[in-house]
Amino acid sequence: MPDSTVIDYDGLIPNNVGLNEDLRVRKALETWHPGYIDWWKSMGPEGFQDFPVFLRTAIGVGSDGWAKYGFVKMPDYRWGILLAPAVEGRTIPFGAHKGEPAWQEVPGEYRAMLRRLLVIQGDTEPASVEQQRHLGSTAPSLYDMRNLFQVNVEEGRHLWAMVYLLQKYFGRDGREEADDLLRRRSGHQDTPRMLGAFNENTPDWLSFFMFTFFTDRDGKMQLGALAQSGFDPLSRTCRFMLTEEAHHMFVGESGITRVIQRTVEAMKAAGIDDPYEIERIRALGVIDLPTLQKKANLHFSLTLDLFGNEISTNAANAFNSGLKGRYREDKIEDDHQLTSSFYPVLRQRDGAIINEDVPELSALNMRLRDDYVVDANDGLTRWNRLLKTSGVNFQITLPHVAFNRRIGEFNAIHTDTQGNILTNEAWEATKETMLPSTADNEFIISLMQPVREPGQYAGWIAPPRYGIDNMPGDFEYVRMTS
Ligand SMILES: [Fe+2]
Ligand SMILES: [Fe+2]
């Protein structure tokens with residue numbers, strides 16, 4: 001076994017999986033590589049491929065100090081295959097095989113299911129890069145532009161992570177899936193990405209911050225569940241991906257915090273107390289809080305659809321087989337088999353929303369979604385603390401889980417953000433008070449003027465508290481002059 005704590009940077013593909021001794025997989029990946037670079041150049045950040053960007057690159061997989069910062073042009077980024085260190089004697093933590101040694105090879109009977117899980121996770125990674133590819137040109141600062149590109153190259157690396165597993169463990173099928181991952185396109189009519197939220201537009205920076213706050217957080221939950229997998233290479237892969245995912249959520253959470261900070265500062269300076277004086281607030285060139293709430297409503301509801309149907313045999317099978325656990329399975333105290341337990345699921349029955357206990361195994365999507373809602377709510381408290389201390393009478397809240405849904409129990413009904421069921425007419429008459437209207441979106445777009453002077457920020461967003469890697473406030477994070 002290769003020493004998994006050391007990353008080999010000598011070859012074309014940085015890795016800690018002993019690729020040098022694994023000629024078959026190395027060749028498959030080297031064959032896939034040019035197609036990936038083509039994809040990156042044509043579908044990655046548009047207009048910024050030739051500029052040096054201050055990016056972090058992983059140089060280790062330990063919890064302390066795995067990143068190194070430096071200037072690199074994005075197409076030259078060292079995308080690599082990095083797995084968290086193996087845990088000696090690890091056993092399958094849940095399901096029918098609980099307690100057996102973790103699998104180092106794909107269990108034959110679960111091959112199709114595992115492949116499907118890898119492809120669905122893998123498909124989201126390049127999709128978000130495609131969704132965000134036009135944002136560089138309207139970045140509110142070089143700092144923000146750099147954070148966008150950091151998220152993008154890491155999503156690219158997450159694609160590599162899934163492609164490695166497909167090519168190493170699924171032979172020819174895996175190679176075909178890896179090629180298809182480069183073929184689908186976010187929002188494309190004929191070859192869309194697999195999941196709905198990954199085919200939506202990300203047209204402006206407020207959408208980007210909401211996406212990284214809400215939708216990357218779904219990524220965190222999914223990876224958290226897959227990190228528990230009895231298939232050890234998947235567990236190790238996801239554990240390392242989670243260390244990168246933390247930065248993506250930081251970008252979203254701190255981004256919105258800075259938007260709120262700027263808005264309340266501008267309101268104060270203009271002597272405006274009422275957050276609903278929307279026209280006056282917008283005239284200050286900042287984003288009013290009710291519009292932020294509508295954007296949160298939209299991105300939260302789109303993201304909930306990613307958890308799938310509340311009641312799901314696929315989810316039960318993935319758990320029973322030992323492939324996909326619950327979020328932080330290892331911190332939960334129960335029998336980890338769930339053959340006789342129940343879980344409350346919100347359901348729609350005869351025009352009412354009710355709670356119903358169902359066998360827990362079939363409710364695992366619901367459980368993951370519940371864990372997600374708790375996690376997202378934690379993130380909101382930081383925004384709301386800032387609002388409270390600033391003295392503005394407004395709080396950002398999550399809408400009801402039945403609001404604006406396309407998938408699952410509530411896809412056939414309309415509700416308001418409190419979960420009260422609405423008639424079609426009432427929905428049509430009120431939806432623009434709950435979701436961004438065309439006018440709201442146009443206003444946001446009108447603010448998206450690029451700012452490229454080092455240390456300068458667009459008027460709708462406050463500067464960050466700290467620089468990346470402790471760099472000074474006027475640091476040139478993207479060098480567009482050289
Ligand atoms: Fe990712
Ligand atoms: Fe992410």
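A helix here is a DSSP run of H or I with at least four residues, and helices are numbered from the N terminus.

**Entry 1: D371**

I began by noting that this is a predicted model. I then looked up D371 and found that D371 lies in helix α10, which covers residues 364-390. Is D371 buried or exposed, or something in between? I found 17 C-beta neighbours inside 10 Å of D371, so D371 counts as partly exposed.

Next I asked which residues D371 touches, not counting residues up to four places away in sequence. They are M221 and Y327. I also looked up K324, which is 47 residues from D371 along the chain. The C-alpha atoms of D371 and K324 are separated by 15 Å.

**Entry 2: α2 against α3**

I turned to helix α2, residues 111-131, and its approach to α3. The two axes come within 8 Å and cross at roughly 155°. An angle over 145 degrees counts as roughly antiparallel, and therefore α2 is roughly antiparallel to α3. I recorded the crossing of α2 past α3 as left-handed.

I then listed the residues that meet. From α2 they include L118, Q121, G122 and E125, and from α3 they include N152, E155, L159 and V163. By class, this contact holds eight nonpolar, six polar and two charged residues.

**Entry 3: α3 against α4**

How far apart are the axes of α3 and α4? I found them 7 Å apart, with α3 (residues 142-169) and α4 (residues 171-183) packed at an angle of about 155°. That angle makes α3 roughly antiparallel to α4. On the α3 side the contact is formed by L159, V163, L166, Q167 and Y169; on the α4 side I noted G174, R175, E177, A178 and L181. The contact of α3 with α4 has six nonpolar, two polar and two charged residues.

Finally, I examined the largest nonpolar core, which has 115 residues. Which residues have the most contacts inside this core? They are F149, V163 and V259. Helix α3 gives the most to the core, with 16 residues. As background, I noted that nonpolar side chains tend to be buried together in soluble globular proteins.

Notes. Residues numbered from 1 in each chain as written. Chains lettered and ligands numbered in written order. Predicted model: local features only at pLDDT ≥ 70, side-chain atom pairs only at ≥ 80, totals over all residues. Axes fitted to C-alpha atoms, helices over the stretch in contact; angles between N-to-C directions. Helix = DSSP H or I, 4+ residues; strand = E, 2+ residues; numbered from the N terminus. Parallel < 35°, antiparallel > 145°, perpendicular 65-115°, else oblique. Contact = placed C-beta atoms within 7 Å. Nonpolar A, V, L, I, M, F, W, Y, C, P; charged D, E, K, R; others polar. Left-handed = near helix turned anticlockwise from the far one by under 90°. Core = buried A, V, L, I, M, F, W, Y, C linked by C-beta atoms within 7 Å. Buried ≥ 20, exposed ≤ 12 C-beta atoms within 10 Å, placed from the backbone.
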